[in-house]
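This briefing concerns one protein structure and is arranged by topic. Please consult the sequence and the 3D view alongside the text.

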Amino acid sequence: MNDVARYAATVFNELGYYALGGHVESPRDAIAECHEAEALGLGATFLSERFNVKEGATMCGAIGAVTEKLGIALAATNHNTRHPMPFAAHATTMHRLTGGRYLPCIARGIIPQIKAFGLTPATNSQMAEFVALIRRLWRGERVENYESEIGRFPVLQLDPAFDEDIPIGLVGFGPKTVEFAGGVFDAIILHTYIGEEGTARLVRIARDAAERAGRDPDRLRIWSVFATLGDHLEPKLYLKKSVGRLATYLQVYGDLLVETNGWDKEVLKRFREAPVIANMGGWVDARATHEQLERIAELLPGEWLAPAASGSPEQCARKVLGQFDLGVNGVILHGATPAELAPIIPAYAKLRPEGRFDNLPANPGGKPS
């Protein structure tokens with residue numbers, strides 16, 4: 001089999017991308033994206049729910065209906081915006097619709113937004129309890145007179161014949177959150193712009209926690225979220241996808257990202273106080289002009305933007321492969337559409353070690369064999 005034929009026949013279950021990245025206008029764009037992703041051989045698509053035109057259940061259902069091989073992850077929604085019954089029924093429906101390719105994930109959410117909705121920010125104990133309850137429903141159990149801090153439910157049951165094996169994941173990157181996730185969840189999705197030392201440390205924390213919980217640490221799926229922005233991108237677009245995206249993360253949870261990486265807190269303080277940020281009036285990636293992004297770039301040290309795949313397609317591919325040496329078993333090529341990844345994937349295919357990822361199933365939360 002020649003290189004072209006072998007590449008065309010390969011599905012890279014260790015690679016994923018985020019559908020409808022950032023601020024979007026049309027949810028239908030996801031359909032073309034996932035068709036391009038399958039043609040490239042990407043293994044999974046991840047969807048980050050936003051309460052506008054990226055509602056999770058609808059989008060994942062649409063992607064599931066028009067794909068055959070692509071793993072699908074809702075990464076993530078929030079348990080306190082979902083009643084257990086529709087959440088469990090949605091996941092079961094997706095599981096059967098896709099032939100087992102679906103991974104639902106939860107996260108704490110953006111705290112100011114959660115509070116604005118009149119909801120209480122999620123705690124580890126609440127998320128663990130929610131997951132345990134959902135797994136009972138997937139097993140067909142009838143749950144009666146359930147009352148706790150996650151809600152009061154007189155009767156819950158999907159179908160007594162159910163015995164579904166559906167993985168569930170957590171999106172988060174703080175050390176305490178990752179430690180918690182390793183003991184409870186099947187998959188962990190980390191975050192963009194975490195350096196190599198930080199990623200390797202988080203992987204160790206998660207797998208150690210899994211082992212302490214009596215789980216096989218090697219069967220935990222851990223996904224690095226790695227900005228992949230080749231030099232084939234138009235310069236203005238590159239600036240928006242790199243500086244604009246990192247600046248937005250610093251607006252939302254800068255303290256945690258700086259702490260995780262061991263970055264200088266004074267730099268974050270100057271970033272927040274800079275007039276271009278203080279007067280932005282919204283998220284940078286949705287509102288900033290090119291001129292504003294150029295000023296914001298001057299506020300960010302090169303070290304902060306360095307954890308990314310950049311350069312030629314081969315340079316990007318080598319940097320992506322380097323993520324696996326940190327202990328993850330999946331890399332989300334973040335900040336790029338499948339069309340923007342098209343020059344990089346063939347370069348990756350040529351460098352990819354034969355047989356290294358054969359044990360990974362299509363489900364992005366499925367246990368390695």
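Eleven aromatic pairs are counted in this predicted model, where rings of Phe, Tyr and Trp (its six-membered ring) pair if their centres lie within 6.5 Å, and planes under 30 degrees apart count as stacked, over 60 as edge-to-face and the rest as tilted. Residues are numbered from 1 along each chain as its sequence is written. As the model is predicted, local features need pLDDT of at least 70 and side-chain atom pairs count only at pLDDT 80 or more, whereas totals for chains, interfaces and linings use all residues; side-chain values use heavy atoms, with hydrogens and water left out.

**Aromatic pairs**

- F12 and Y348 form an edge-to-face pair, with 5.7 Å from centre to centre and 85 degrees between the planes.
- Because F12 lies in strand 1 (residues 12-18) and Y348 in helix 17 (residues 344-351), this pair ties together parts that are 336 residues apart in sequence. Helices (H or I, at least four residues) and strands (E, at least two) are DSSP runs, numbered from the N terminus.
- F12 is buried at a relative accessible area of 1%, and Y348 is buried at 1% relative accessibility. Buried means under 20% relative accessible area, exposed over 50% and partly exposed in between, with a 1.4 Å probe and protein chains only.
- The rings of F51 and F117 have centres 5.7 Å apart and planes at 75 degrees, so this pair is edge-to-face.
- F51 sits in the loop between strand 2 (42-47) and helix 3, and F117 in the loop between helix 5 (111-116) and helix 6; the pair thus links distant parts of the chain, 66 residues apart.
- F51 is partly exposed at 39% relative accessibility, and F117 is partly exposed at 42%.
- Y18, F46 and W223 form one aromatic cluster.

**Helix 4 and its surroundings**

- Helix 4 (residues 84-97) has 14 residues and spans 20 Å from its first C-alpha to its last, close to the expected 20 Å. The expected span of a helix is 1.5 Å times one less than its number of residues.
- The buried residues of helix 4 are P84, F87, A88, H90, A91, T92, M94 and H95.
- Their cover includes helix 3 (56-65), strand 3 (71-77), strand 4 (102-106), helix 6 (124-138) and strand 6 (151-156).
- Helix 3 packs against helix 4 at an angle of about 10 degrees, with the axes 10 Å apart. Axes are lines fitted to C-alpha atoms, for helices over the stretch in contact, and angles run from 0 to 180 degrees between N-to-C directions.
- Helix 3 is therefore roughly parallel to helix 4; angles under 35 degrees count as roughly parallel.
- A57, C60, G61, G64 and A65 of helix 3 make this contact with H90, M94 and L97 of helix 4, where contact means heavy atoms within 4.5 Å.
- After helix 4 comes G99, which has a positive phi near 65 degrees.

**Cysteines**

- The structure holds zero disulfides, a disulfide being a pair of cysteine sulfur atoms within 2.5 Å.
- The sulfur of C60 has its closest cysteine sulfur in C105, at 9.4 Å, too far for a bond.
- C60 is buried, with a relative accessible area of 0%, and C105 is likewise buried at 0% relative accessibility.

**Q126**

- Q126 is placed in helix 6 and is buried at 9% relative accessibility.
- Not counting residues up to four places away in sequence, Q126 touches H79, P121, E149 and I150.
- Q126 and G335 are 209 residues apart in sequence and 31 Å apart in space, C-alpha to C-alpha.

**Backbone geometry**

- The peptide bond from A75 to A76 is cis, with omega near 15 degrees, and A76 lies in strand 3.
- L20 is a residue other than glycine with a positive phi, near 50 degrees. L20 belongs to the loop between strand 1 and helix 2 (29-40) and is buried, with a relative accessible area of 1%.
- N145 is not a glycine, although its phi is positive at about 50 degrees. N145 is placed in strand 5 (residues 143-148) and is exposed at 68% relative accessibility.

Methods: Parallel < 35°, antiparallel > 145°, perpendicular 65-115°, else oblique.
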